[in-house]
Amino acid sequence: MTTATKNKKSQKSSVILDYLRPNKGMPSVWCAGCGNGIVMTAIIRAVDNLGLSKDEVVMASGIGCSSRMPMYLDFSALHTTHGRSLAFATGVKFARPELKVIDITGDGDALAIGGNHFIHACRRNIDITAILINNNIYGMTGGQGSPTTPSGAFSTTTPYGNSEKHFDPCSLAKAAGASFVARTTVYHATQMDTIIQKAISHRGFSLVEVISNCHTYYGRLNRMGDAVAMLNDFKNRAVPLAKSKKMTEEEMVGKFAIGVLHQEEKTEFCDVYQSVVDKVKGGK
Amino acid sequence: MADKERVLVMGNQACVLGAIYAGLRFFAGYPITPSTEVAEGCARELPKIGGRFIQMEDEIGSIAAVIGASVSGLKAMTATSGPGYSLMIENLGYAYMTETPLVVINVQRGGPSTGLPTKVSQSDTMQAKWGPHGDYTAITVAPSTIGETVTEVIRAFNLAERFRTPVTVLLDEVLGHSRQIITLPEPGEIEIFDRVKPTCSPEEFEAFAMTPNMVSPMPAYGEGYRYVCTGLTHDTKGFTTNKSEEIAPKMYKLRHKIIDYQDEIHKMRAEKMDDAEVAFISYGSVARAALQATDIVRKAGYKVGALQLQTIWPFPDEKLREMCGKCRAVVVAELNMGQIVHEVRRALPPDIEVHELQRYDGEILTPMQLVNKLEEVL
Ligand code: SF4
């Protein structure tokens, strides 16, 4: 390793350390090799690259493995009730529009118990960046089926294979009105940095779905191997958006598109409300 | 303005006037009969003062947004009725645990379930105390007139800010929907309490620090104090804990920051109690009927008085004992199948007879019903 790359590397890890909450006992609750850690470092790099101050970031989350993230990062943390974090986050953002609100959620948190709050946050197009870490299972409670567990897949509550259909969070968010929708995986760490950065910069509701590995439960129950094997699987199944558009439906079976899937300019909720306030106050 | 402002308003609108007087800047809610006029009033009035109104997707989201706004530094409120209050219970528990000041107005209707949307009831009295699971101490106030609705809502905000806790205001359908001409308090006439903010450096700051009065100073998000706010049981810094030596102090704080200072919270209106041998005990709109009934039987020469509980929770045991010291009997009147009467029985010495008068058919108790009940007692 040359001195130049060594320096760069140590610089990078000190950036990560700089954003970890002081006094917070490590290790985290996460299993070794869990994708949550990869997403956390991507968020740190995105916030750092954007030059945001720690004080202007509020990180909200619900309940689940991924939702523990705000505990570890040196931002204001709002660790809420199961599925409700986007409603709490809406209160924060609407009360203090100058703050950057990042919401960390999982597939069970956002799409099952929190489904109602999820679609309405999308519909309002409120300027919140939701990062949905999708591992296709409930990790914290020990491997139960979630709304993104694929049909036929195994979990502790689908011991004979899942009889249900699964949600595509990105299609759901777009249909519900989110103005920025992207998908990436924990294998594509560099892409994840860029996407999260774009999502935070985007004015309006942004959803970043990160396909992640729960090797402890989903991987084990579905014989997918360890964390590395699961990351390899993501690598093999992810198709860049442009390429996916040229592929037939048949060719896309078992695969998924990654990249910024949808972005549009749309008025943002807090901005519109502020113009109402200005009008009402001015008209007095 | 020489004369005080006089306005004709319904109880639900009085909630809005009181809340704005107290400093309300954020309302999130969901339509529900018979409380909807509170939300409508906030939607109209808040933008005029630079405040914010949002109609959320349900009551769970409404109180969640209110908590988000409160931790961000705004005085925040929601309003609902029984079914919506039931939905709010989950995050109300979060607010107790995270010590987040906020006000919930519950304009009570008949229950259980969707019950009687347009009929009066006082059957959420115990729910206001024991709604969420777990141990905590609730503060609940209850006005009985439109004018008092303004002042009790102001008091609810002051208590929420003083004690860093949610406060429930119990109205009922009759109070929410009846109209009266009232006199508004002038600016500065009623003292407004704002939450105590930290003065230490962010490095020294502990979000849930034990202080002499057990209430921790509370910064707003974005003010440089970055901390963890979680519904999981936490230590003084806000970090989750499973250690019994950290769990017990947190639980102690939740309870004792309130009950050790309950004299500041108790409020009771006493009418003709000085020589009363028998007393009506009531709250909310029933208290008005009790006052009239008292006048009627006093004219007939009986020594009867009326006590109106303006603070419901924590229950004013001692104050009630004191007020009823000369009574041989009390009549507890409420619009439910008997809720506060059990508290009264618990609080009063056994030599005072406790009689109960209840109505749970969606109608109010009339003064004559109270008078008739007294005939049994006297
Ligand atoms: S249980 Fe699964 S999701 Fe949870 S920390 Fe372990 S690997 Fe990650």
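Modeller: Let's start with a term: buried means under 20% relative accessible area, exposed means over 50%, and partly exposed lies in between, using a 1.4 Å probe and protein chains only. This is a predicted model, where local features need pLDDT of at least 70, side-chain atom pairs count only at pLDDT 80 or more, and totals for chains, interfaces and linings use all residues. Residues are numbered from 1 along each chain as its sequence is written, chains are lettered from A and ligands numbered from 1 in the order in which they are written, and side-chain values use heavy atoms, with hydrogens and water left out.

Colleague: Thanks! Is A:Asn125 buried or exposed?

Modeller: A:Asn125 is buried, at a relative accessible area of 1%. Its phi is positive, about 55°, although A:Asn125 is not a glycine.

Colleague: And where does A:Asn125 lie?

Modeller: Look in chain A, in the loop between α6 (115-124) and β4 (128-134). As for those labels, helices (H or I, at least four residues) and strands (E, at least two) are DSSP runs, numbered from the N terminus.

Colleague: What is phi of A:Asn136?

Modeller: A:Asn136 has a positive phi near 65°, and this residue is not glycine either. You'll find A:Asn136 in the chain A loop between β4 and β5 (137-138), and its 15% relative accessibility counts as buried.

Colleague: Now for chain B: what is omega from B:Thr33 to B:Pro34?

Modeller: Omega is near 5° there, and the peptide bond is cis. B:Pro34 sits in the loop between β2 (24-29) and α2 (36-45) of chain B.

Colleague: Where is B:Pro112?

Modeller: B:Pro112 is in the chain B loop between β5 (102-110) and β6 (116-120). The peptide bond to B:Pro112 from B:Gly111 is cis, with omega near 0°.
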